[in-house]
Amino acid sequence: MFGVLLITLLLTIALVGSNMDTILKQGIIFQVRSEITDNPSISQNFTNPDEFEAYVQQKIDERIKNLGLDSPWYSPQRIGYTMIKIMMLDFGNATFLTSDNGSSDVGDILLEKIPKTVLLFTTATIIISIIGIVLGAASSNKIGSKTDRVTSTFAVISSSFPVWWIGMLMIFAFAFVYQIFPARATPDMEPSDPGYILSLLYHMALPVITIVLIGFGSWAYLVRNFMVGVMQEDFITAKKTMGINKKKIVYKHALKNAAPPIVTILALSLSGSLGGAIITEAVFDWPGMGRLYFEAITVMDLPVIIGSTYILTVLFLVSIFIADLLYGYFDPRVRTGT
Amino acid sequence: MSSISTEDIKREFTRSVLGMTGIAIITSLIIISIIATVTIPASTFQEWNNPEKWLTYPKTSIPIWVNYFTSEKIPEHKIIEPRIINSESDNTYLTSQQFPVNFEFDDFPSDFVYEFETKYSDSYLLTVSLLRPDEKEINLISTSLPFSENETVYKQRIFSTDEMIKKNIRMESEMFAFDVSDKNLTNVIFSETSENKVLKGDYTFIINTYGIKSENKIIDSKIILGGKAFGFMGTDELRRDLAVGLLWGTPLALFIGVSVAIGSVIVGLVYGVYSGYKGKKTDEALMRFNDVIYALPALPFLIILAVTISNSIFLMIGFLMIFSWVGIAKVSRSMSLQIKTRQYVEAAKIMGEKDTKIIFKHIIPQLLPYAFASIAISVPAAITTEAGLSFLGLGDPSFPTWGQILHDANTYGAAAQGFWWWIVPPGLLIAVTGLAFVFIGNALDTIVNPKLKR
């Protein structure tokens with residue numbers, strides 16, 4: 001797993017490395033030139049413009065060398081250095097973007113955005129899974145019933161709609177035609193305000209509704225398919241012949257046995273939605289990781305891009321790891337060593 | 001899984017309602033693509049991002065068919081071509097152009113523009129007048145073009161906001177029973193005389209040009225009557241005809257979706273089967289590599305790739321493939337692990353057949369039904385991912401896709417301003433295309449995996 005993290009980092013750096021160098025070098029050139037224009041005395045020492053240019057060039061080269069930019073970005077020590085720094089969660093300073101309180105440290109910016117993304121997507125995923133599990137169990141209980149067919153159809157249809165497009169429609173319908181929810185999901189209050197949490201929840205409503213609307217259908221369908229498998233097992237038939245309440249069988253015994261794969265997919269879909277967050281948050285203007293990423297891409301703020309890709313990968317891997325742990329909890333057969 | 005023959009699949013598939021619906025949708029999409037490529041020249045399409053090209057079109061106008069559903073008819077945007085009559089008297093040559101227009105709407109046109117290009121020499125005079133349904137003729141403007149001794153080509157646009165026209169209308173103001181000075185020009189000349197209401201009927205713009213040379217010629221001439229409804233799909237903020245973009249988006253979306261799906265399924269299939277068949281260390285190494293790709297966050301990487309390397313549509317297809325073969329490789333590996341132990345494979349091995357031959361001849365054909373199902377299922381994902389990337393503004397500007405139309409809609413705040421015709425159709429097309437492939441995939445899947453059928 002650690003290897004995956006390293007490879008991700010390496011790939012990201014490899015992809016943005018050369019651009020980053022160009023930007024840094026241009027930054028240095030700009031810096032040197034502005035310093036010279038600030039001190040007119042330096043240019044007075046030169047009579048010949050060529051000589052002056054040579055002096056400037058020499059200054060630039062000096063600085064580039066001091067920062068280690070003279071060796072190309074792919075030289076081992078530079079890549080190694082960058083990677084170690086990022087692994088220690090030191091992402092450096094952002095080129096353009098700042099956090100709400102003005103800090104340009106990438107770590108600060110990310111710390112501010114991560115909780116919001118986690119809040120939005122965890123809430124949505126929890127609601128989706130609750131609806132999905134209840135609906136899925138209900139439809140697996142009566143295969144071919146109306147509930148079952150409606151759920152399956154809805155699952156197929158909703159899965160092919162892009163979330164962000166539904167988001168646009170929702171904004172159109174519920175923020176402008178019927179003005180129920182705000183169009184921009186960024187809360188307009190200061191975090192210190194006592195009403196901030198309420199305002200945040202209110203602004204979160206539309207994105208959550210949209211994500212849930214698109215997500216729960218396929219969830220119910222998945223749960224249903226797992227449950228159908230479990231319901232045909234011998235022990236369920238035995239329980240049925242024993243005369244145990246059918247509802248109890250479905251929700252207590254069958255659901256518990258279908259849990260391991262469901263939990264795995266839950267964790268995976270949670271982390272998968274983090275990637276999708278980029279577009280969803282851009283549509284709703286939700287001030288989380290996704291929008292940050294989008295903004296960073298638009299202005300080519302490379303330290304932010306590298307940092308957020310890294311964090312996204314970490315979150316992804318953590319959720320895979322948690323899924324593994326949960327699998328062991330729900331399905332004791334995979335536990336070893338005890 | 002191997003017990004199903006192609007015949008069975010065909011028979012079962014034709015019986016599945018969903019599958020056939022999917023096929024029907026895709027067939028109509030293909031027909032749309034063909035119509036698009038035949039009727040709309042590719043040159044029009046390549047000018048999509050060139051604002052110059054769309055100047056004569058109206059801004060954010062509603063599709064014209066909306067008028068069939070509303071009681072109040074929204075004025076259509078019309079581009080009128082002339083009927084030209086030439087005549088000669090006393091050494092002056094008169095070219096009279098008539099631009100007939102039937103105006104049956106409940107609101108005034110927003111403006112009009114007369115656009116012309118002419119070739120003349122010496123002096124040249126031009127008058128514009130409007131013949132109304134009530135037989136009254138209003139002189140709008142008479143102007144002389146710059147004198148030139150040699151033959152010149154002259155191009156001009158006369159707008160309805162021209163000061164000369166305003167002055168002329170003020171002179172005709174006694175014709176109208178209301179105050180004309182504070183009104184938009186088109187609100188006056190298309191109005192009834194008694195009150196300021198639209199006078200419906202047949203109007204004719206008459207444009208006469210006088211010159212003393214018979215070689216004088218009008219090269220191009222048209223009147224654009226500005227309205228708020230245009231075309232089958234309306235237009236967007238940059239005056240582009242959305243019908244063109246949507247029609248051309250269809251073949252592109254199909255191309256992207258299908259090529260990504262086929263490419264990634266082939267790669268995944270061969271990779272998985274090879275890994276499963278070889279087993280041992282090869283399997284271990286290949287599967288670890290597979291895990292690495294699987295654990296990479298796809299969308300952020302696609303974005304970085306698009307930004308740093310290139311956003312050309314063909315490269316984008318390649319990038320999408322990188323992230324979509326992984327799941328298929330996993331499944332086909334486990335399938336090949338099963339097939340590998342069958343007797344005929346063992347027999348082939350003992351007979352000394354080459355590994356590649358066994359894989360391609362004995363194992364992969366067994367997996368083909370599964371492969372087709374997964375091609376169909378992975379098309380929508382490819383289309384939506386591409387649309388998502390385009391939506392973020394990372395699409396290929398020389399090939400506008402549905403996602404890019406939505407990107408523009410989002411940038412210009414279409415949702416806030418209620419331009420539903422700019423938001424709904426592209427998304428709906430994405431969804432319908434995806435749905436068609438999901439239908440086919442599901443239908444195939446139920447046949448291939450009989451377990452799901454109950």
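This is a predicted model: local features need pLDDT of at least 70, side-chain atom pairs count only at pLDDT 80 or more; totals for chains, interfaces and linings use all residues.
Biologist: Let's start with chain A. What makes up its secondary structure?

Modeller: Chain A has 12 helices and zero strands. Read from the N terminus, its elements run α-α-α-α-α-α-α-α-α-α-α-α. Of its 338 residues, 44% are buried. Among contacts in chain A with a separation of 6 or more, 70% join residues 24 or more positions apart.

Biologist: And how is chain B divided into domains?

Modeller: The domain assignment gives domain 1 of chain B as 6-44 + 241-452 and domain 2 as 72-225. The centres of these two domains, taken over C-alpha atoms, are 55 Å apart.

Biologist: How many residues of chain A are in contact with chain B?

Modeller: There are 42 residues of chain A in contact with 40 residues of chain B. Together the two chains bury about 3,500 Å², with 83% of that on carbon and sulfur atoms.

Biologist: Which elements of chain A give two or more residues to the side that touches chain B?

Modeller: Those elements include α1 (2-38), α8 (196-231) and α10 (246-284) of chain A. The most comes from α1(A), with eight residues. By residue type, the side of chain A that touches chain B divides into 31 nonpolar, 10 polar and one charged.

Biologist: How many salt bridges and polar contacts does the rule find across the interface of chain A and chain B?

Modeller: The rule finds zero salt bridges there. For polar contact, it finds one residue pair, both at pLDDT 80 or more.

Biologist: How many salt bridges does the structure hold over all chains?

Modeller: The count over all chains is 13.

Biologist: Let's take one of them. Why is the pair Arg291(A) and Asp285(A) called a salt bridge?

Modeller: The closest N and O atoms of Arg291(A) and Asp285(A) are 2.6 Å apart. The cut-off is 4 Å between a side-chain nitrogen of Lys or Arg and a carboxyl oxygen of Asp or Glu, so this pair qualifies. Both Arg291(A) and Asp285(A) are buried.

Biologist: Over in chain B, why is Arg132(B) called buried?

Modeller: Arg132(B) has a relative accessible area of 2%. Buried means under 20%, so Arg132(B) is buried. The side chain of Arg132(B) meets that of Asp134(B) in a salt bridge, at 2.9 Å from N to O.

Biologist: Then why is Asp134(B) called partly exposed?

Modeller: The value for Asp134(B) is 28%.

Biologist: What makes Glu163(B) exposed, and what class does Lys166(B) get?

Modeller: Glu163(B) has 52% relative accessibility, and exposed means over 50%, so Glu163(B) counts as exposed. Lys166(B), at 35%, is partly exposed.

Biologist: Which residues are joined into one network by salt bridges that share partners?

Modeller: That network joins Asp285(A), Arg291(A) and Glu295(A).

Methods:
Residues are numbered from 1 along each chain as its sequence is written. Chains are lettered from A and ligands numbered from 1 in the order in which they are written. Side-chain values use heavy atoms; hydrogens and water are left out. Domain bounds come from an automatic or database domain assignment. Contact means heavy atoms within 4.5 Å. Buried area is the accessible area (1.4 Å probe) that two parts lose on being put together, summed over both. A polar contact is a pair of N or O atoms within 3.5 Å; within protein, one must be able to donate a hydrogen and the other to accept it, and residues adjacent in sequence count only if both atoms are side-chain atoms. Helices (H or I, at least four residues) and strands (E, at least two) are DSSP runs, numbered from the N terminus. Ala, Val, Leu, Ile, Met, Phe, Trp, Tyr, Cys and Pro count as nonpolar, Asp, Glu, Lys and Arg as charged, and the others, Gly among them, as polar. Buried means under 20% relative accessible area, exposed over 50%, partly exposed in between (1.4 Å probe, protein chains only).
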